[in-house]
Amino acid sequence: MKEYFSIGKIPFEGKDSTNQFAFKYYNPDEIIDGKPMREHLKFALSWWHTMGGDGTDMFGCGTTDKTWAESDPEKRAIAKVDAAFELMDKLSIDYYCFHDRDLSPEYSSLAESNEKLEKVVAYLEQKQKETGKKLLWGTAKCFDHPRYMHGAGTSPSADVFAYAAAQIKKALEATVRLGGTGYVFWGGREGYETLLNTDMGLELDNMARLMKMAVEYGRSIGFTGDFYIEPKPKEPTKHQYDFDTATVLGFLRKYGLDKDFKMNIEANHATLAQHTFQHELNVARTNGVFGSIDANQGDVLLGWDTDQFPTNVYETTMCMFEVIKAGGFTNGGLNFDAKARRGSFTMEDIFLSYIAGMDAFALGFKAARKLIADGRIDSFIADRYASWKTGIGADIISGKADLAALEAYALSKGEVVDSLTSGRQEMLESIVNNVLFSL
Ligand code: XUL
Ligand code: CO
C-alpha cells in the first residue's frame, strides 16, 4: 500500500517531550474512569478541510497540493480514502466526518454522481472493516453548486428543493451503510440577504418539511443515530436561519423535530453569534439537546469563520466541563472542523495542527475533570441558589406559592437586598487558573 506521508505513527511521549511529532497530553490508551481517553474524546477527521482544503481563499489560490497525485476524479476520491485512513491511523483518530461531495465530486448528472459516490462508499466500508475506523457523521453538501445560490430546503424553487432532497436521501443511505451515528444539517445557504425578496415563513416551513422527510426516510432505512442541526448566525448568508442554539431549539419545537434532532455545536460559530462556546454547549445541555461538537476556534480580532485548530486551553477546558456534565459523548464526538493556516502549507502541518488540537482537548479534558473534582465551582453555584431549596424558594418550585402568597411574603419580609451575596466572579476565575496551572 502506497504511503502518502513520510511521517510515522505519532507516539504519546508526555509533557516533557520536545518532539513536535509526539503527543504531549493525548494518550489514546490511558484509562480514565474505566475507558481509554480516545473513547472519551472521540476525535474525528473532517474530510473537507483535511483531504480537500488546499488553502484557497478569497484573495488567492491554494498553497497545499491536495490532489493526492491523481488527476482523474474517481482515482483521486479513492486516493483520498487511502490517505485519510493513513492519517487516522498515524494520529490515533478513530472517526471521520464527510459531506457527500467531499467523498466524490459532482458529475454531469445526479444519477452519475450517485453511482460514483456509491463506489467510494463501498471502498470506505471495506477500509472501515479492515481498520476498525468509524464514521461519526455524514452530511450533504447542499450549498456549493450554483443551483443552491438561493438555498436548498429554503430555495424559492421547488425543483431545487427536490434536488436537495435527492442528495440528502443518498447521503443518508451512505451514512447508514457506513454505520454513522449522526447526520448533520448545517444550513449552508439556508438564510437570506434581504427581506425584499424573501418569504421567510414559507422558507422556514419548507426547511422543516425537508428535515421531517429526512427523519422519516432515515428511520425507515435503519438510522438509529441522531440528526443534528449545526447552528451558525451568518456566513455565507447575512442572516442564517439556524442562528444559534436557542433559535434552533425554538424551530425544532415549533415543527415537532425536537425528538430526533440534537445540536452539533461549533466553537467558531458560537463566537460569531456573540456567544461563548461554553454558552452554546450549556444551552444545548440544559435543554437536553447536546449532541456533538465541531472543534475549532476563531480569532478574537476577526469577524468570520476562520476554522482554526483549537489551541486555547481555557476554551477546551470549559468545553469539556460541559461535555462531562452532559454525561459525555454518546452518538457524538469531537470533529476537527478546522484547517491549518494558509501559510502552514506542508504535509507536516497537517500532523502538527492535529497534534496541537488533540493535545489541547486532552489537556482541557483533564483540567475539566480536575475542576469538577476540586468542587469549588460547583459548590459555589449550589450555595448561590440555596434559597431555592427551602422556605419560599421551595414553595415556588413546587408550585405551592402563587402571586398572592408571594405578595404576602414580600410584604411581611420588607426590603430583601440583604439576602444577596457577592457573585465572586474574579475569585472563581482565579480558582480556574489555580486548577489549570497546578495540573
Ligand atoms: C461551515 C461548517 C460546515 C459544517 C458541515 O461553517 O461548519 O463545514 O460543519 O456542513
Ligand atoms: Co462545522
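Is Asp337 buried or exposed? At 7% relative accessibility, Asp337 counts as buried (under 20% relative accessible area; exposed is over 50%, partly exposed in between; 1.4 Å probe, protein chains only). This is a predicted model, in which local features need pLDDT of at least 70 and side-chain atom pairs pLDDT 80 or more, while totals for chains, interfaces and linings use all residues. Residues are numbered from 1 along each chain, chains are lettered from A and ligands numbered from 1 in written order, and side-chain values use heavy atoms, without hydrogens and water.

**View 1. Donors of the cobalt ion (ligand 2).** Glu230 (OE), Glu266 (OE), Asp294 (OD) and Asp337 (OD) coordinate the ion at 1.9 to 2.1 Å. Donors are N, O and S atoms within 2.8 Å of the metal (3.2 Å for Na, K and Ca); water is not among the atoms, so sites may look incomplete. Along the chain, the donor spacing reads E-x35-E-x27-D-x42-D. Asp294 sits in strand β11 (290-294) and Asp337 in the loop between β12 (334-336) and α12 (347-374), so the pair ties together parts 43 residues apart in sequence. Helices (H or I, at least four residues) and strands (E, at least two) are DSSP runs, numbered from the N terminus. Asp294 is buried, at 0% relative accessibility.

View 2. For Glu266, the distance from a polar side-chain atom to a ligand oxygen is 2.8 Å. For Asp337, a side-chain N or O atom is 2.7 Å from an oxygen of ligand 1.

Key. Polar contact = N/O pair within 3.5 Å; in protein donor to acceptor, adjacent residues only side chain to side chain.
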